[in-house]
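Hi,

Here is the structure I promised to pass on. My notes on it follow below.

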Amino acid sequence: METKIVAIDAGQPQPERIQEAARIIQSGGLVAFPTETVYGLGADALNPQAAQKIYAAKGRPSDNPLIAHIADFEELPALAAEISDTARTLMRLYWPGPLTLIFKKTETVPFATTGGLDTVAVRMPSHPVARALIRAAGTPIAAPSANRSGRPSPTKALHVREDLDGHIDMLLDGGEVGIGLESTIIDVSSSRPLLLRPGFISEETLKKTLKRLAVDTACMEPMAPGVHPRAPGMKYRHYAPQAPLTIVRGTDAQVEKAICFQAKEALCAGKNVGILCASESLLTYRHRLKKEGCRDCQSGRLLASCVCSLPYKDGEARLMLEVSGSRREPAEIAHHLYDALRSFDRARMDVIFSESFECGSLGGAIMNRLKKAAGYHILEV
Ligand code: TXA
Ligand code: MG
């Protein structure tokens with residue numbers, strides 16, 4: 001299958017391009033499109049065959065349910081059997097926006113979309129392209145993140161192409177997305193609201209409105225064997241780059257020292273090494289690694305990523321430093337996280353070390369993704 005790539009204006013999507021994409025959705029095809037969180041892989045949420053195509057294109061386990069995206073409040077009663085007061089409050093505060101709510105489903109929603117569950121996840125995105133596409137298609141659009149299952153979510157059209165080119169009908173290229181982490185998910189299908197996935201709308205912020213908000217343990221801890229998380233997707237390895245990733249945690253100075261030590265060991269063994277760090281520590285790494293014998297440091301801007309290499313006995317191993325953003329701007333770190341993880345893959349790194357980013361109220365969402373990407377491999381120093 002050839003994937004048609006269509007450039008679209010993120011602020012004012014061209015109507016004829018949206019119409020073309022909407023016709024594909026209506027005829028049961030797959031269209032990747034930008035949302036304010038990450039790119040989604042869309043299909044008609046009410047067409048079981050179309051939903052199944054999403055699972056096939058992503059290589060996604062069929063018990064992992066999809067989020068149905070709507071553009072207007074009137075579309076909700078067709079999907080959600082009960083809408084509690086808590087749900088109404090959250091919708092009023094955060095829709096359209098990066099919040100997904102889990103409701104008991106109506107009969108209209110096929111089990112192919114909900115992975116066999118009797119609940120349905122619904123989100124009303126704020127991105128103009130997503131909203132225009134849903135309206136033009138005239139049906140809710142089921143859309144997981146538009147990546148191969150297990151890989152970092154796509155925040156640029158390039159990432160969608162890396163994973164799904166040739167497997168989907170169309171990609172609407174609306175440039176880079178804004179937030180860069182997937183939506184916050186709250187289960188409002190029972191009396192006590194339950195946070196299933198942290199996101200841009202943080203646990204801290206939500207607790208100001210929802211005093212009784214419970215938090216699913218799968219948000220931050222690895223699942224014990226035999227335990228079933230409430231969001232089935234939380235049990236799979238996720239967001240992962242190809243090379244093994246280790247998070248190093250401790251004071252800044254200890255972390256910098258430990259990462260440099262580990263990096264040098266790996267380089268001397270001939271491995272290419274990626275380091276993910278905050279902009280505040282980039283100069284320290286460059287300085288330390290130079291002292292360790294790294295040379296040919298090529299970098300663009302002073303605080304951008306840089307690549308250097310270290311000669312070892314059989315040749316030369318490469319080291320790549322990627323800056324995720326400033327610790328004072330956690331939104332910047334969230335925005336750049338998946339792109340940084342993917343850039344290590346493109347540069348064929350063999351091992352990756354990352355600092356820990358427990359900063360601000362977004363720290364919970366960032367670390368949720370980073371820990372899963374690392375398979376919970378954390379080195380405490
Ligand atoms: O920001 C987002 O949410 C993006 C954009 C495209 O909207 N979508 C997204 O979808 O992240 P996905 O499929 O990658 O993640 C959806 C998560 C999965 O962990 C899934 O298990 C959970 O939502 N989920 C979906 N329906 C559910 C349900 N009925 N009950 C519990 N969890 C559910
Ligand atoms: Mg996903």
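Let me start with a helix: H6 (residues 157–164) lies across E1, strand E2 (31–33), strand E3 (40–44) and E8, at about 165° to E8. Helices (H or I, at least four residues) and strands (E, at least two) are DSSP runs numbered from the N terminus, and the angle, on a scale from 0 to 180 degrees, is between N-to-C directions of axes fitted to C-alpha atoms, for helices over the stretch in contact (heavy atoms within 4.5 Å).

This is a predicted model, in which local features need pLDDT of at least 70 and side-chain atom pairs pLDDT 80 or more, while totals for chains, interfaces and linings use all residues. Residues are numbered from 1 along each chain as written, chains are lettered from A and ligands numbered from 1 in the order written, and side-chain values use heavy atoms, without hydrogens and water.

The sheet is open, with eleven strands in the order E1-E8-E2-E3-E7-E4-E6-E5-E9-E10-E11 and mixed pairing; two strands pair if DSSP finds at least two bridges between them. Its edge strands are E1 (4–7) and E11 (214–215). E1 pairs with E8 (residues 170–173) in the parallel sense over four bridges, and Ala-7 stands opposite Asp-173.

Arg-197 is in strand E10 (residues 194–197). Its side chain reaches the backbone oxygen of Ser-183 at 3.0 Å.

Happy browsing!

Terms used:
A polar contact is a pair of N or O atoms within 3.5 Å; within protein, one must be able to donate a hydrogen and the other to accept it, and residues adjacent in sequence count only if both atoms are side-chain atoms.
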